Amino acid sequence: MTAASGRPGTAGASRAADPADRTAEVSWFDIREISLNRSDLAELDAREKARAAAFVFPADRHRYQVAHVMLRRVLAGHLGTDPSRLTFGRQRCPTCGGPSGKPVLVVPAWGDDPPGTPPGADGAWPGLSFSLAHSGEAVAIAVARGPVGIDVEREATGCVCSLASAMHEADAAIVEVLPEPERHLAVIRWWVRAEAVLKCAGTGIAHGMDAFPVLGAPVRSRVPPGPRLPLEPDVPGWAAAAGCSFAALSAPKGYQAALALPGLRLIRYRWGPDR
């Protein structure tokens with residue numbers, strides 16, 4: 001998890017030789033370690049402020065605010081701009097054409113002479129993609145030079161067996177024969193992998209999560225955090241129906257996480273200075 005400064009950590013290993021378009025960077029934050037003041041919250045736009053104000057419980061509001069302030073700061077660090085200058089929108093859903101597709105940057109923040117190619121027809125600015133996930137006290141942000149999806153979920157304290165009805169039949173068959181508590185862990189593992197793939201594809205979970213399997217091979221122990229690539233070659237790494245590959249990620253204790261990309265790519269972690 002990142003330090004409590006309210007800024008994303010920059011310590012930790014990276015592979016400088018890796019081409020930017022083959023690298024995904026994952027940043028972790030612990031909302032308990034981050035306090036936001038009025039100046040921090042001023043970085044959010046009017047829509048984000050209204051969304052935050054709509055939460056009934058302060059803990060939910062804080063999680064949302066931390067996630068979106070940190071997202072702005074992570075992206076601003078890549079773009080060399082002020083976090084408050086970033087503007088977000090959504091692409092069209094590739095399944096139904098509705099307005100609830102993948103979140104994107106729609107206004108470049110480099111000033112009058114932005115580098116790279118111009119925005120696409122939907123207003124999205126190509127060249128830098130992101131995905132945001134949060135659960136419990138954990139916030140995860142993935143940034144890549146192409147489509148990317150990330151998901152994190154706190155491991156269930158209650159029964160989640162009913163979710164098996166939403167699985168691909170191959171995954172449901174695997175989960176059905178597992179003893180407790182392995183069954184519960186497998187359900188959460190399925191969820192984070194499937195949702196990460198659907199985020200990468202831009203459809204999200206609204207159109208179902210049963211079009212492709214993401215279980216089906218022995219999964220190695222969680223990879224310890226640090227300067228290594230937490231790819232699991234023994235996991236079925238291609239969700240062909242959505243056109244994305246996926247990798248299990250090391251995650252804070254009590255959580256599971258997964259990253260999805262359109263093809264096998266490298267993962268670079270950013271850890272706070274306390275790591």
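Gly208 counts as partly exposed because its relative accessibility is 30%, where buried means under 20% relative accessible area, exposed over 50% and partly exposed in between, with a 1.4 Å probe and protein chains only. This glycine is found in the loop between helix 5 (182–201) and strand 7 (245–249); helices (H or I, at least four residues) and strands (E, at least two) are DSSP runs numbered from the N terminus. The C-alpha atoms of Gly208 and Ala166 lie 7.2 Å apart, although 42 residues separate the two in sequence.

The model is predicted: local features need pLDDT of at least 70, side-chain atom pairs count only at pLDDT 80 or more, and totals for chains, interfaces and linings use all residues. Residues are numbered from 1 along each chain as its sequence is written, and side-chain values use heavy atoms, with hydrogens and water left out.

Ser165 is placed in the loop between strand 6 (149–154) and helix 4 (169–176). With a relative accessibility of 67%, Ser165 counts as exposed. Its C-alpha is separated by 8.9 Å from that of Asp210, which is 45 residues away along the chain.

The protein as a whole has five helices and nine strands, and along the sequence these follow the pattern β-α-α-α-β-β-β-β-β-α-α-β-β-β. Of its 275 residues, 47% count as buried. Among contacts (heavy atoms within 4.5 Å) with a separation of 6 or more, 61% are between residues 24 or more positions apart.

A cis peptide bond, with omega about 0°, joins Glu180 to Pro181. Helix 5 itself has 20 residues and reaches 29 Å from its first C-alpha to its last, close to the expected 28 Å; the expected span is 1.5 Å times one less than the number of residues. Because 15 of these 20 residues are buried, helix 5 is largely enclosed by the rest of the structure. Gly202 follows helix 5 and has a positive phi, near 95°.

Helix 3 (residues 58–79) has 22 residues and spans 31 Å between its first and last C-alpha, close to the 32 Å expected. It is followed by Gly80, with a positive phi near 70°. How do helix 2 (residues 46–53) and helix 3 cross? Their axes come within 9 Å and cross at roughly 160°, the axes being lines fitted to C-alpha atoms over the stretch in contact and the angles running from 0 to 180 degrees between N-to-C directions. Helix 2 is therefore roughly antiparallel to helix 3, a description that applies to angles over 145 degrees. Helix 2 contributes Arg47, Glu48, Arg51, Ala52 and Ala53 to the contact, and helix 3 contributes Arg61, Tyr64, Gln65, His68 and Arg72.

A nonpolar core is a set of buried Ala, Val, Leu, Ile, Met, Phe, Trp, Tyr and Cys residues joined through side-chain atoms within 4.5 Å. This core has 23 residues, of which Leu75, Leu105 and Ile141 touch the most other members. Leaving aside residues up to four places away in sequence, Leu75 touches Leu86, Phe88, Leu105, Leu128, Phe130 and Val143. A second, separate core has 22 residues, including Met167, Trp190, Phe212 and Ala260.

Conventions
Angles under 35 degrees count as roughly parallel, over 145 as roughly antiparallel, 65 to 115 as roughly perpendicular and the rest as oblique.
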